Amino acid sequence: MKRILTIQDISCIGRCSLTVALPILSVMGHETVILPTAVLSAHTQFSHVTFRDLTSDLPAIAHHWKQEKFTFDAIYTGYLGSAEQIRIVKDYFRDFSRPSTFRIVDPVMGDNGKLYTGFDESFAAQMTGLCAEADIILPNLTEAAYMLKLPCQKNGYSESDIQDILRRLCALGAKRAVLTGVSFHETELGAMSYDSVTDTFDAYFSEKIPVSYHGTGDCFASCLSGAILQGKTMAEALRLSVDFIVEGLRLTMADPDRRDYGINFEEALPLLIHRKQNTSLHISS
Ligand code: PXL
């Protein structure tokens with residue numbers, strides 16, 4: 001069994017960050033250690049949210065873990081609330097990694113051409129610095145544009161545009177980059193990745209479901225992290241993660257009581273169990 005540390009906030013309402021990472025990684029068969037960075041009454045797309053900042057707890061937790069000599073097979077980070085938290089996460093990378101530890105950074109900062117509430121370009125620059133230390137980064141197109149200081153463009157990317165963005169993202173320091181929300185055809189949506197070590201691209205597309213729910217990127221990043229830790233190749237991990245999200249979006253749309261509280265990933269979890277049983281490759285421990 002792999003042990004993964006995931007560092008993100010707890011948003012009580014809204015199916016995102018730790019409330020999706022923990023169940024997804026657990027169902028994929030990983031021991032999941034959580035480090036909550038803040039507790040919010042709901043994610044920041046809601047108005048008037050409460051925010052309990054846990055930054056000052058993080059060094060003390062690290063101190064205890066160092067005494068216990070804990071290390072992890074992977075460290076996966078999502079939404080981080082401040083530049084100070086990014087700095088502390090770099091310390092966690094340094095102190096709790098072995099040479100084989102996968103560092104996975106989802107640079108959660110924005111979507112649909114805009115940064116989320118509370119973030120600015122200087123935060124984006126700090127997050128770009130964290131990405132430089134990662135084995136795998138998973139920006140969406142908005143986050144990639146902020147990282148590369150490019151104009152935000154939602155559609156109209158050609159395959160060679162996306163390949164160029166992926167290469168430039170890796171040139172910032174990460175070994176592999178996965179770009180989510182990629183579409184070359186109006187009926188298809190998926191993700192494309194680049195491995196700078198082998199100089200190879202992978203991509204997987206599925207039916208475009210014409211809705212957008214908050215937290216979808218967090219579900220995707222959790223699933224992809226879990227799949228890589230299961231020993232799946234990037235091509236297999238992309239396929240599983242896109243299929244999982246499409247299933248979750250379909251289930252969400254089919255629910256007559258649906259509200260904008262994230263995607264119904266819970267009823268898509270059996271897909272992850274089924275596909276786990278069919279995994280052919282395993283990474284050595
Ligand atoms: O889904 C990303 C996310 C996670 N956590 C919090 C957020 C957001 C996006 O807005 O506000 C608190």
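**Entry 1: Gln8**

I looked up the neighbours of Gln8 and found that this residue touches Ser17, Leu18, Ala21, Leu35, Pro36, Thr37, Tyr76, Gly78 and Tyr79, leaving aside residues up to four places away in sequence; contact here means heavy atoms within 4.5 Å. I note that this is a predicted model, in which local features need pLDDT of at least 70, side-chain atom pairs count only at pLDDT 80 or more, and totals for chains, interfaces and linings use all residues. Residues are numbered from 1 along each chain as its sequence is written, and side-chain values use heavy atoms, with hydrogens and water left out.

I placed Gln8 in strand E1, residues 3-13. Helices (H or I, at least four residues) and strands (E, at least two) are DSSP runs, numbered from the N terminus. Gln8 has a relative accessible area of 1% and is therefore buried; buried means under 20% relative accessible area, exposed over 50%, and partly exposed in between, with a 1.4 Å probe and protein chains only. I also recorded a polar contact of 3.0 Å between the side chains of Gln8 and Thr6. A polar contact is a pair of N or O atoms within 3.5 Å; within protein, one must be able to donate a hydrogen and the other to accept it, and residues adjacent in sequence count only if both atoms are side-chain atoms.

**Entry 2: The ligand**

I then turned to the residues around the ligand. There are 14 of them, and Asp9, Thr44, Gln45, His214 and Asp218 come nearest; a residue is near a molecule or strand if one of its heavy atoms lies within 4 Å of it. By class, I listed five nonpolar, seven polar and two charged residues in the shell around the ligand. In this scheme Ala, Val, Leu, Ile, Met, Phe, Trp, Tyr, Cys and Pro count as nonpolar, Asp, Glu, Lys and Arg as charged, and the others, Gly among them, as polar.

For Thr44, the distance to an oxygen atom of the ligand is 2.5 Å. For Asp218, an oxygen atom of the ligand is 2.9 Å away. Taken alone the ligand exposes 320 Å², and the protein buries 99% of that; accessible areas come from the Shrake-Rupley method with a 1.4 Å probe, and for residues only the protein chains shown count as cover.

I found Ser225 in helix H7, residues 216-229. Its relative accessible area is 0%, so Ser225 is buried. Beyond four places in sequence, Ser225 touches Ile4, Leu25, Tyr76 and Ile104.

I located Met192 in strand E10, residues 188-195. Met192 counts as buried because its relative accessibility is 2%. Its contacts, not counting residues up to four places away in sequence, include Glu159, Ile162, Leu166, Val182, Phe184 and Phe201. I also checked Leu172, 20 residues from Met192 along the chain; the two C-alpha atoms are separated by 18 Å.

**Entry 3: Positive phi**

Which phi does His48 have? I read a positive value of about 60°, although His48 is not a glycine. His48 lies in the loop between strand E2 (31-42) and strand E3 (51-53). With a relative accessible area of 79%, His48 is exposed.

Asn112, also a residue other than glycine, has a positive phi near 50°. I found Asn112 in the loop between strand E6 (110-111) and strand E7 (114-115). Asn112 is partly exposed, at a relative accessible area of 47%.

**Entry 4: The chain as a whole**

I counted nine helices and eleven strands in the protein chain. The radius of gyration is 18 Å, close to the 19 Å that the globule rule gives for 285 residues, so the chain is as compact as a globular protein of that length. The radius is taken over C-alpha atoms, and the rule is 2.2 Å times the number of residues to the power 0.38. Along the principal axes, the C-alpha atoms fill a box of roughly 50 × 45 × 40 Å.

Of the 285 residues, 50% count as buried. Among contacts with a separation of 6 or more, residues 24 or more positions apart account for 68%. I noted an accessible surface of about 13,000 Å² for the protein chain, of which 51% belongs to carbon and sulfur atoms.
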